[in-house]
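User: I'd like to go through the charged pairs in this one, then the surface. Can you take questions as I look?

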Amino acid sequence: MKGWIALDIDGTITGDKYSVPGPVVDYLRELQNKGWNLAIATGRSCGFALKALSTFDFPYRLLVQNGSAALAMPSKDLLYKCYLSESAIALMEKAFEGIVGNFLVYSGIERGGKCYYRPDQLSKAQREYVSRLEEREAEAACPVDTFHEIEDFPLIKCFGSESEMIKLANKLRQIGIFQVAHIRDPFEKNGQLLLVTDFHASKGETLQAMMLREGRGPKVIAAGDDENDISLLEQADVKIVMPQAPALLKKQADFVAPPVSELGIITALKWATQDAD
């Protein structure tokens, strides 16, 4: 094994919701055949991630919902999970006091990757947002009266304006039991999201769990474009960052890749793996 290559999806290997460019897939297959272990790490649910990765016909590890679970692909065997408990809901509701916005609760792959929402607590614009979310993810958005009947779950997704999400992120981090990533919504203009998981669930910690399980190898390469990729980059010997990434990520970069529209991840990975060929 030459090591690991861990890659974000949106804005890193593709700009499309439902596919990865053929040349990128072909190059990743070539790297896997050469002895690299591949991990795809995403904030997406499993079902939504697999829509984009449908042409990946080679083994890899899929780290979904910001590292809340890891699956062996293509078998979909669950290798690792780190979920929030039902008690997190009350803490989330308290943190939302005085905040304009709302949140969704995502089930794990065991329950079909559903998204739960409370329609009576959403504004018209927020209900329209949930409808667009359901349409693009092509997975069920389930209305419920309360979240308190959901025993455990991988991810809470908060949405609202940038200023409100910054305030909420600060409140949640002070609680001390959550991992909180503030990212741009890749599918909504000016949209802002918080991805909230268990404190020990992140892309980086789950990649570390995979490496402990399967061996690290001599080199780890990681690539991403937003705040939820920081933990992934921290595990890497070689850090690749996309050009649209915030300044905080670019400060960590060993290589800033060309844009995703120019298949920049191929250029970056050729540079990062050249001494291993």
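User: Which residue forms a salt bridge with Lys203?
Analyst: Asp229 does, with the closest N and O atoms 2.6 Å apart. A salt bridge here is a side-chain nitrogen of Lys or Arg within 4 Å of a carboxyl oxygen of Asp or Glu. This is a predicted model: local features need pLDDT of at least 70, side-chain atom pairs count only at pLDDT 80 or more, and totals for chains, interfaces and linings use all residues. Residues are numbered from 1 along each chain as its sequence is written, and side-chain values use heavy atoms, with hydrogens and water left out.

User: Where do Lys203 and Asp229 sit in the chain?
Analyst: Lys203 is in helix H6 (residues 203-214), while Asp229 is in the loop between strand E14 (219-224) and helix H7 (230-234). The pair links distant parts of the chain, 26 residues apart. Helices (H or I, at least four residues) and strands (E, at least two) are DSSP runs, numbered from the N terminus.

User: Buried or exposed, those two?
Analyst: Both Lys203 and Asp229 are buried. Buried means under 20% relative accessible area, exposed over 50%, and partly exposed in between (1.4 Å probe, protein chains only).

User: How many salt bridges does the structure hold?
Analyst: 18. One of them joins the side chains of Arg118 and Glu93, at 2.6 Å from N to O. Arg118 lies in the loop between strand E8 (115-117) and helix H4 (124-137), and Glu93 in helix H3, 25 residues apart.

User: Which residues are joined into one network by shared partners?
Analyst: Arg132, Arg136, Asp185 and Glu188 are joined by salt bridges that share partners.

User: Switching to the surface. Which residues make the nonpolar patch of about 200 Å²?
Analyst: Leu91, Ile175 and Ile177. Patches are made of residues with over 30% relative accessible area and no salt bridge; like charges are joined within 9 Å, nonpolar side chains (Val, Leu, Ile, Met, Phe, Trp, Tyr) within 5 Å.

User: Where is Leu91 found?
Analyst: In helix H3 (residues 88-95). Leu91 is partly exposed, with a relative accessible area of 30%.

Note on methods. Areas by Shrake-Rupley, 256 points an atom, 1.4 Å probe, with all protein chains shown as cover.
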